[in-house]
Amino acid sequence: MAFFFKKKKKKRCCVVGLDGVPFTLLEVLTRNGVMPFMEKLKRDGNLRSMTVTLPEISAVSWSSFMTGTNPGTHGIFGFMDLKPQTYSLTFPSYNDLKAPAIWDNLKEIGKRSVVINQPSTYPARPINGVLISGFVAIDIKKAVYPASLVPQLQELGYKIDIDTMKAREDKDFLIKELYSTLAGRSKALDLLWGNEDWDYFEVVVTGTDRLHHYLWDALGDNSHKYHQAFLDYYNKVDSFVESTYKRFLDVAGDGEEGSEFLLLSDHGFTGIEKEINLNCWLAKEGYLSYMKDSPDSVADISDSAKAFVLDPGRIYINYKGKYPKGCVESAEGESIMREIKEKLEKVEFEGKKVIQNVYRKEEIYSGPYLDRAADMVALSYPGFDLKGSVKKDVVFDKTVLQGMHTWDDAFFWSFGRKKDNLNITDISQIIIDNFKS
Amino acid sequence: MKGFTIWFTGLSGSGKTTLAREVEEILLERGLKVEVLDADIVRTNLSKGLGFSKEDRDINIRRIGFVCNLLTRNDVVAIAAAISPYKSVRDENRKLIKNYVEVFCKCSIDALTQRDVKGLYAKALKGEIKNFTGVDDPYEEPDNAEVVVDTGKETEEQSVAKIIKTLEILNYIPRVEDANEYSGDEEDEIKARLKDLGYI
C-alpha cells in the first residue's frame with residue numbers, strides 16, 4: 001500500500017523593491033487604472049506610506065533597509081563621504097557597510113538568498129546564495145556573486161543600470177533603456193528563480209527612480225511629450241510585480257506556511273521647484289570662504305571657514321583638530337550650529353519656507369559610527385532640492401533635473417498590517433522575524 | 001560588528017604586546033570597539049598576588065579569558081597578550097569564547113636571547129630568575145593557532161598584515177583591499193553617474 005503525502009511548501013519571502021516610488025503616486029496610479037495589479041494588492045493587503053532615514057537618498061535608504069539600522073550603526077551617510085580627518089572625498093562601497101545585511105542574518109539561520117540589483121552592494125561579496133549588485137556598480141565582473149554567473153547574465157543582456165549620461169540628454173533613449181534594463185531584471189529572475197533553492201528572493205527595479213529624475217514633470221502634464229510614456233512604464237512595472245507575485249504563489253502557496261510577499265520603495269519623489277545651493281548660502285551668510293575664486297571641492301575652503309556642506313544637506317562644522325584647516329573651537333560649535341539652524345529655517349523662496357528642519361546628528365542617528373556623521377542634516381520642504389556644490393554662485397537654481405527625493409512618502413505593502421509608523425529600518429526585522437516564527 | 005577575541009600567545013619578548021597594540025590601532029581606525037588585556041598589566045590589578053606556578057599561571061589565563069568572553073559577547077574586540085604557556089588552558093578559553101582567534105608569536109630562544117630588551121633572558125639563563133618560560137619552565141606551542149607569526153624573521157608590518165588578513169578572511173572584519181579603493185577610472189565613472197542623477 002502506498003502512502004502519498006502532499007509535500008509541505010517551505011516558508012519563503014520575496015521582496016520587490018521599486019526605487020523612488022512614492023506612496024502618494026501609487027495611490028493615484030492604482031485609482032486611474034495604470035497599475036491594475038497594484039490596485040488588487042491594495043484591496044487585498046496593506047499599502048502604507050513609510051518614512052526613511054536621512055538624508056533620503058538611495059545609498060543611505062537601501063543600507064538602512066538591508067541592515068535594519070540607522071546610518072550611525074551601518075556607517076553609510078551618503079553617496080560620498082569625507083575621509084577621516086581630511087576634506088578628501090571617498091565613495092563608500094559595500095565594504096564600508098558596518099552592519100550585517102538581511103542575507104547575512106538569514107545565513108545564520110541556514111536560509112539561502114537570491115538578491116538581484118540591490119543598490120549599495122558593490123563590489124558584491126560572498127553570501128549564502130546569489131548577489132547581483134545594483135547602483136553604483138560599474139563592472140559586472142565585480143558585481144556578481146558567484147562570479148560564475150557573469151557569462152550567463154551577459155548572455156541575457158543583463159545591464160546594471162541605464163546609461164545616465166546619454167539618458168539625461170535624450171529622453172527617447174531613456175525610455176528605451178528603462179525597458180531594456182527591466183527586461184534584463186526579468187530574465188535574471190527567470191534564470192535564478194527556479195535554478196536556485198532560495199528562501200529569500202529580492203529584486204529591485206531602479207528604472208522608476210531614473211524615470212522620475214528626468215521626467216517627473218511629464219507625470220502631471222497631459223500635454224507633455226512623455227506623459228504617456230511615463231504611465232506606460234509604470235504599467236510595465238505593474239506587470240512585472242504581477243508576474244513575480246504569481247510565480248511566488250506557485251512556490252510558496254497561499255501563505256499558510258507563513259510565506260511573505262512584500263513590496264517597498266526606498267524614498268518618495270516630488271517635483272523640483274528650485275535647487276538650493278547650501279554652500280553658496282553659507283558663504284553669503286559669512287560661514288564659508290574659499291582659498292581660491294573658483295573652488296573645485298570642499299578641500300579648497302579657507303582656514304577661516306566655519307562650516308561646509310556635502311550633498312545633499314549634510315552640514316559639517318569645521319572643527320579645530322578634526323579637519324586640517326579647522327578653526328572652530330569645540331565650545332564655539334554649539335552656538336554656530338544654533339545660528340545656522342535658526343537662519344536656515346527662516347530661508348524663503350517667493351514667500352515659501354525652504355527648510356523644514358535642521359537636525360543635530362544625535363537627534364537622527366545612534367550607534368558606533370555617529371562620530372563620522374555630519375554635525376547637522378537639513379531637511380527641505382518638498383520642491384526644494386538641497387545641493388552641496390561649491391561651484392554654484394547662486395542660492396536658488398534650476399537645472400535639467402526634474403525630480404527630487406522625499407523622506408516621508410516611501411511605501412510598504414504586505415498582506416497583514418505589520419507595524420504602525422513604519423520606517424525603512426523596520427523592514428529587515430519583519431523579514432527575519434517571520435523566518436524565525 | 002560582532003565581537004571577537006584575538007589571543008596573542010608566545011614567549012616573553014616575542015612581540016605579543018607590540019603586535020597587539022598595532023592591531024588595536026588598525027581596528028580602532030576601522031571604527032571597532034577594542035580593549036587590550038596585557039598580562040603584564042593584568043598582573044598588577046585583576047591577577048595581583050598571583051605567582052608563576054602552573055596553578056597561578058592557569059588562574060591568570062582563565063581570568064583574562066573570562067573578561068575577553070564578556071567583552072566579546074558585548075560586541076567588543078578583546079585583544080589578549082599573555083605568554084599563556086599551557087595548551088589546555090588556552091583551549092579552555094577557545095571553547096569558552098565563541099569568536100576566538102589565536103595568534104602564535106613564534107620566535108626561537110636564540111633570537112629572543114639576542115633581542116632580550118628587558119634583560120630577562122640573560123638573568124634567567126644565569127639562574128637569577130626562576131620559573132622563566134622557555135628557559136626553566138615549559139611553553140607548549142599551539143598546534144591549531146589561526147595565525148602564526150614568526151617574529152624572529154618577519155617585520156612588524158608583515159606580521160600585522162598577516163593578522164589583519166586572517167581577520168578579514170574569517171569575516172570578523174570587512175575586507176578593505178577592494179573596499180572604496182576604486183580604480184581611478186571607476187571612481188570617475190561613479191562620480192559622473194552621481195552627477196547625472198543630481199546626487200553630487
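## Basis of the description

The model is predicted: local features require pLDDT of at least 70, side-chain atom pairs count only at pLDDT 80 or more, and totals for chains, interfaces and linings use all residues. Residues are numbered from 1 along each chain as its sequence is written, chains are lettered from A and ligands numbered from 1 in the order in which they are written, and side-chain values use heavy atoms, with hydrogens and water left out.

## Domains of chain A

Chain A is assigned two domains: domain 1 covers 13–270 + 404–436, and domain 2 covers 274–397. These bounds come from an automatic or database domain assignment. Taken over C-alpha atoms, the centres of domain 1 of chain A and domain 2 of chain A are 30 Å apart.

Contact (heavy atoms within 4.5 Å) involves 22 residues of domain 1 of chain A and 35 residues of domain 2 of chain A. The two domains of chain A bury about 2300 Å² between them, with 67% of it on carbon and sulfur atoms. Buried area here is the accessible area (1.4 Å probe) that two parts lose on being put together, summed over both.

One salt bridge is counted between domain 1 of chain A and domain 2 of chain A; the term denotes a side-chain nitrogen of Lys or Arg within 4 Å of a carboxyl oxygen of Asp or Glu. The side chains of A:R314 and A:D81 form a salt bridge, at 4.0 Å from N to O. Eight residue pairs, both at pLDDT 80 or more, are in polar contact between domain 1 of chain A and domain 2 of chain A. A polar contact is a pair of N or O atoms within 3.5 Å; within protein, one must be able to donate a hydrogen and the other to accept it, and residues adjacent in sequence count only if both atoms are side-chain atoms.

On the side of domain 1 of chain A that touches domain 2 of chain A, α4 (71–74) and β3 (81–82) of chain A each supply at least two residues. The largest share of that side, three residues, comes from α4(A). Helices (H or I, at least four residues) and strands (E, at least two) are DSSP runs, numbered from the N terminus. By class, the residues of this side of domain 1 of chain A are eleven nonpolar, eight polar and three charged. Ala, Val, Leu, Ile, Met, Phe, Trp, Tyr, Cys and Pro count as nonpolar, Asp, Glu, Lys and Arg as charged, and the others, Gly among them, as polar.

## A three-stranded sheet

Chain A has an open sheet of three strands in the order β18-β11-β19, with mixed pairing. Its edge strands, β18 (384–387) and β19 (396–397) of chain A, each pair on one side only. Two strands pair if DSSP finds at least two bridges between them. Strand β11 (residues 274–277) of chain A runs parallel to β18(A), and four bridges join them. A:K274 lies opposite A:F384 in β18(A).

## Chain B and its interface with chain A

Chain B contains eight helices and five strands, and its C-alpha trace spans about 75 × 35 × 30 Å along its principal axes.

In the interface, 25 residues of chain B are in contact with 34 residues of chain A. About 2800 Å² is buried between chain B and chain A, of which carbon and sulfur atoms give 56%. B:R193, B:L197 and B:Y199 supply 27% of the area that chain B buries against chain A, more than any other three residues. Two salt bridges are counted between these chains; B:E186 forms a salt bridge with A:K142, the closest N and O atoms being 3.1 Å apart. Helix α8 (residues 184–196) of chain B gives the largest share, ten residues, of the side of chain B that touches chain A.
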